[in-house]
Amino acid sequence: PAGMEDAVTLKQRGFDVVVFDKRDEIGGNLHVAKKPPFKGKFEWAIDYYKSMAKKLNITMKLGKEVTAQEVLALKPYSILVATGDVLANDMQFANKKVVVIGGGITGLETALYINRQGTNQVSVVDMLPEWPVDMLDMRYQNEALLEVRHCNDQGVALFYNNKVVKFADGKLFIESTKDGEVKELPADVIVLSVGVKPNDALWQELLASGHPSVWKAGDAIATGKINKAVLHGSKFGYSLN
C-alpha cells in the first residue's frame with residue numbers, strides 16, 4: 001500500500017512512474033491482512049489500487065524481483081523503496097493442536113484464522129498483560145478488545161502473563177509471570193507472532209550507489225499499520241519536487 005499510494009499520487013501530479021513487485025499482483029501485506037475472519041474488506045483496497053493503476057496507466061512490472069542495477073539503469077529521478085518482509089504461506093491445518101506465541105492483534109487474528117479451519121485446538125501465549133501498556137491509541141484498544149471477544153466466543157484459549165520456557169515431547173511449557181506456575185500445552189504446531197525486522201537491503205544497496213534521491217517507506221522502515229504505510233506513500237508523493 002505504501003508503494004502504490006505513492007505511485008498513484010506521483011502519477012496524478014504528472015510524474016512518470018514505474019512500479020516493480022516480485023509478486024504477480026500488487027497489494028503486499030494487504031494479502032496477509034485480509035485472511036483473518038472479518039478482515040475481507042481489505043480486498044477493497046487492493047481492488048482500488050489495481051483500478052487506479054489501470055486508470056492512470058501506471059507502468060507495472062510484476063513478478064519481477066528487481067535488482068539495484070536494474071533500477072539504476074532506468075536513470076530514475078527519484079527512487080522509493082517500499083519493500084516488506086512478508087510471510088504469506090497458506091497455513092492450512094486439520095486436527096492439530098496449535099499454539100500461537102504472541103498475543104497482539106496479529107497473533108489473535110492468526111489464531112482465529114487457524115481456528116476457523118475446522119477441528120484445530122488453538123491457544124495463544126504472551127508475556128504481556130491482556131492490555132499491553134503501550135497500546136495507548138483507543139482505536140487499537142477497541143480492535144484488540146474485539147479480537148479478544150472473538151477468541152473467547154470461538155474457544156481460542158488465551159494465556160497472557162505467561163512466558164515460554166521450552167518445547168519438548170510435543171508440549172510447550174509456559175510459566176506465569178505472576179506466580180511462577182508452569183503449565184503444559186500440547187502442541188503439534190507452533191506459530192510465532194512476535195514481530196519481524198524490516199527488509200531494507202535494496203534500499204541500502206541503492207543508497208550506497210550514491211544516487212541523490214533514494215527513500216524508503218512502509219514496511220521497509222518498520223512493520224506497522226496499513227494507514228501508516230499509506231501515509232508514508234502519500235507524503236513522499238506530495239513532497240517530491
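**Note on the predicted model: contacts, cores, sheet and salt bridges**

1. In the protein, 68% of the contacts with a separation of 6 or more are between residues 24 or more positions apart; contact here means heavy atoms within 4.5 Å. This is a predicted model, in which local features need pLDDT of at least 70 and side-chain atom pairs count only at pLDDT 80 or more, while totals for chains, interfaces and linings use all residues. Residues are numbered from 1 along each chain as its sequence is written, and side-chain values use heavy atoms, with hydrogens and water left out.

2. Overall composition. The secondary structure comprises eight helices and eleven strands, these being DSSP runs numbered from the N terminus (helices H or I, at least four residues; strands E, at least two). Of the 241 residues in the protein, 38% are buried. The accessibility classes are buried, under 20% relative accessible area; exposed, over 50%; and partly exposed, in between (1.4 Å probe, protein chains only). The protein exposes about 13900 Å², and carbon and sulfur atoms supply 53% of that area; accessible areas come from the Shrake-Rupley method with a 1.4 Å probe, and for residues only the protein chains shown count as cover.

3. The largest nonpolar core contains 15 residues, and Val-122 and Val-156 have the most contacts inside it. Such a core is a set of buried Ala, Val, Leu, Ile, Met, Phe, Trp, Tyr and Cys residues joined through side-chain atoms within 4.5 Å. Two or more residues each are given to this core by strand E4 (97-101), helix H5 (105-115), strand E5 (121-125), helix H6 (138-153) and strand E10 (189-192). Helix H5 provides the largest share, five residues.

4. Leaving aside neighbours within four places in sequence, Val-156 is in contact with Ala-111, Leu-112, Asn-115, Val-122, Val-124 and Cys-151. Another core, of 13 residues, lies apart from the largest one; Val-17, Val-19, Met-52 and Phe-236 are among its members.

5. The sheet E7-E8-E9. Three strands, in the order E7-E8-E9, form an open sheet with antiparallel pairing; two strands pair if DSSP finds at least two bridges between them. Strand E7 (162-168) and strand E9 (182-186) each have a single partner strand and stand at the edges, so one side of each is left without a neighbour in the sheet. From one strand to the next, the twist averages 30°, where axes are lines fitted to C-alpha atoms (for helices over the stretch in contact) and angles run from 0 to 180 degrees between N-to-C directions. E7 and strand E8 (residues 171-176) run antiparallel and are joined by six bridges. Asn-162 has Ser-176 in E8 as its bridge partner.

6. Salt bridges. Side chains of opposite charge can pair when their charged atoms come close. A search of the whole structure finds six salt bridges, the criterion being a side-chain nitrogen of Lys or Arg within 4 Å of a carboxyl oxygen of Asp or Glu. One of them joins the side chains of Glu-184 and Lys-171 at 3.2 Å, N to O. Because Glu-184 lies in strand E9 and Lys-171 in strand E8, this pair ties together parts that are 13 residues apart in sequence. Glu-184 is partly exposed at 45% relative accessibility, and Lys-171 is likewise partly exposed at 34%.

7. Two further pairs. Asp-153 forms a salt bridge with Arg-149, with the closest N and O atoms 3.9 Å apart. Both residues lie in helix H6, four residues apart, about one turn of the helix, and both Asp-153 and Arg-149 are exposed. The side chains of Glu-70 and Lys-64 also meet in a salt bridge, at 2.9 Å from N to O. Glu-70 is partly exposed at 32% relative accessibility, and Lys-64 is partly exposed at 33%.

8. Ser-234. This residue lies in helix H8 (residues 226-239). Ser-234 counts as buried because its relative accessibility is 16%. Not counting residues up to four places away in sequence, Ser-234 touches Glu-5 and Thr-9. Ser-234 and Leu-10 are 224 residues apart in sequence, yet their C-alpha atoms are 8.7 Å apart in space.
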